[in-house]
Amino acid sequence: VILWNERANAFRLLGNPKQALALTENLLELINGKDGFSSERFVALKNRGILLRETGALDASRQQLKELTNDCILEERGNLLESYAVTCMAMGRFEEMVDISFQAVEFGRENKQRLIAQLAYAYSLAKRNSDAMKELAKLKDDSLSLIEATVLTSTYLNLLFSGEVLDERMQLQLTKSLKHLDQLEKTSEINGDSHMQAQILTMLGQIADHFDMENSDEIWWKLLSVSRTNDLNSSPLALARLASHAYLGGNRDAALQLIRELPSALVNSYRNINDLSIAVDSTRFIRSALTDLMNAAMKANAPWAELRLIAELQRDTIGKARLMRERKCSLINVDQLESGIADNALSNLAPKQGRLGILEWFDDGSGIIAILTTIDSQRVVTTEILNPPEFDIFELRSRIMNRLSVWHTGRKGSPFDIFDWNSLEQWLRKEIAQHVPEGGHIVIINHEDLVGLPWHVALAPIWRCSYASSWSTVLGLVKTRKSKNLRFGI
């Protein structure tokens, strides 16, 4: 049994967690119901929880580690809680990670430094920066292990990215941690621990990008090489960062090739998840990278097909595709995303007469940009950047939703009797009338921060209106059998 566990661990270290998981499952089946193997079964179940995480089954990993934590002896609890917290992090359950990491510090009798470092990291992920800094102050500078230095580096990066200013002691601690990080990456490579190496390279790449270091491309390419060589999922973050650099470097063909890998990379990263609340938020860890990618693509004057694909990924279309597949419908075709969203695909939306307009929003980090695409009855596709509105559209959305939520029939006037709502109507009529004639149809692909704004009210009675979550949804509707009789509109 011990040798079986060691063999599974060897496969994990060699970058083959699937084989390691299969061996662990076989071992558990072998000793199931047999006396005298309680400690071996505990180790195997703990390893199973970790391997489920590393093969993408995050919800199953959490359930396994949670059950073990509740049933284990006191001496094992701190170590188990540490693994449980890591799974919570991977799921984006940052407040739960804080709670579990706090318990780990309370119960852990060994590795206190590492557990405190993990708690600080959890606080930084939950955007509780002051709490993170309090925990960092408890660490001893002269006794950091390689793992502790890695966690510290991640924590300091989160603090820096959120705008915190590090004091002199923290800057010195970060410098020491970075030296440990380089050493740990080399050690992981020598030992064949591809999972650890990939995590370290991800951090090194983020550091290189944040500080505009010349070797950032080299780091991201190495990360892709490690993942492809060791049967790991290609890093979506590396693909997005390299594509941004390619656009800014004038190599649009390379950028396009990398972008087209992103949909399948995201799908593979979440393929074993059953909890749809996780899958539907599949792009949360690369949102800033996708925003930077949109900015770089727009600066490079990339074609609309590429810009639309980046915008689709910003809308988390991969997560929505997973949700739809679980609900037995297939409006979103992930394979279609890999070929981009070109004009020839959009021409299939051509109306029998008149012109169809699709209003969407691009986010390049400096603000959202209104984009109007029109398709006429001759299948001609035209895309334009609209002039920006001269009012705060996000503030308008908040005010309108608040007024609608408290409005009642006994009140005089209308919930839309405010100046900025009139400005929205005038802006839409000025911008859209140039491209879509009266009586035409407008589809709204909303920005996530504008959901709830009643566009159909602002567009009526000049245009009919409907809503869609993405281009992929609209194109998927055309391909369904029901689409023959489908009519857009409110």
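Which residues of helix 22 are buried? In this predicted model, local features require pLDDT of at least 70 and side-chain atom pairs count only at pLDDT 80 or more, whereas totals for chains, interfaces and linings use all residues. Residues are numbered from 1 along each chain as its sequence is written, and side-chain values use heavy atoms, with hydrogens and water left out.

The buried residues of helix 22 are Asp420, Trp421, Ser423, Leu424, Glu425, Trp427, Leu428, Glu431 and Ile432, where buried denotes under 20% relative accessible area, exposed over 50%, and partly exposed in between (1.4 Å probe, protein chains only). These residues pack against strand 1 (355-363), strand 2, helix 21 (393-406), strand 4 (441-445) and helix 23 (455-459). Helices (H or I, at least four residues) and strands (E, at least two) are DSSP runs numbered from the N terminus. Helix 22 comprises residues 419-432, and its end C-alpha atoms lie 20 Å apart, in agreement with the 20 Å that its 14 residues should span at 1.5 Å a residue; the expected span is 1.5 Å times one less than the number of residues.

The protein contains 24 helices and 5 strands. Of its 490 residues, 51% are buried. Among contacts (heavy atoms within 4.5 Å) with a separation of 6 or more, 62% are accounted for by residues 24 or more positions apart.

The largest nonpolar core has 47 residues, and Tyr247, Leu262, Leu293 and Phe362 have the most contacts inside it. Such a core is a set of buried Ala, Val, Leu, Ile, Met, Phe, Trp, Tyr and Cys residues joined through side-chain atoms within 4.5 Å. Elements giving two or more residues to this core include helix 10 (168-191), helix 12 (216-229), helix 14 (252-269) and strand 2 (368-376). Not counting residues up to four places away in sequence, Phe362 touches Met294, Met298, Trp304, Leu307, Arg308, Ala311, Gly367, Ile368, Ile369 and Ile371. A second, separate core of 40 residues includes Leu28, Leu65, Ile100 and Leu166.

In helix 12, the buried residues are Ser216, Ile219, Trp220, Leu223, Leu224, Val226 and Ser227. They lie on the same side of helix 12 because they cover an arc of only 160° around the axis, the arc being that of the directions from the helix axis to the C-beta atoms. Exposed residues Glu218 and Thr229 are carried on the face of helix 12 turned away from its buried side.

The structure holds 0 disulfides, a disulfide being a pair of cysteine sulfur atoms within 2.5 Å. Cys72 is buried, with a relative accessible area of 10%, and Cys88 is buried at 0%.
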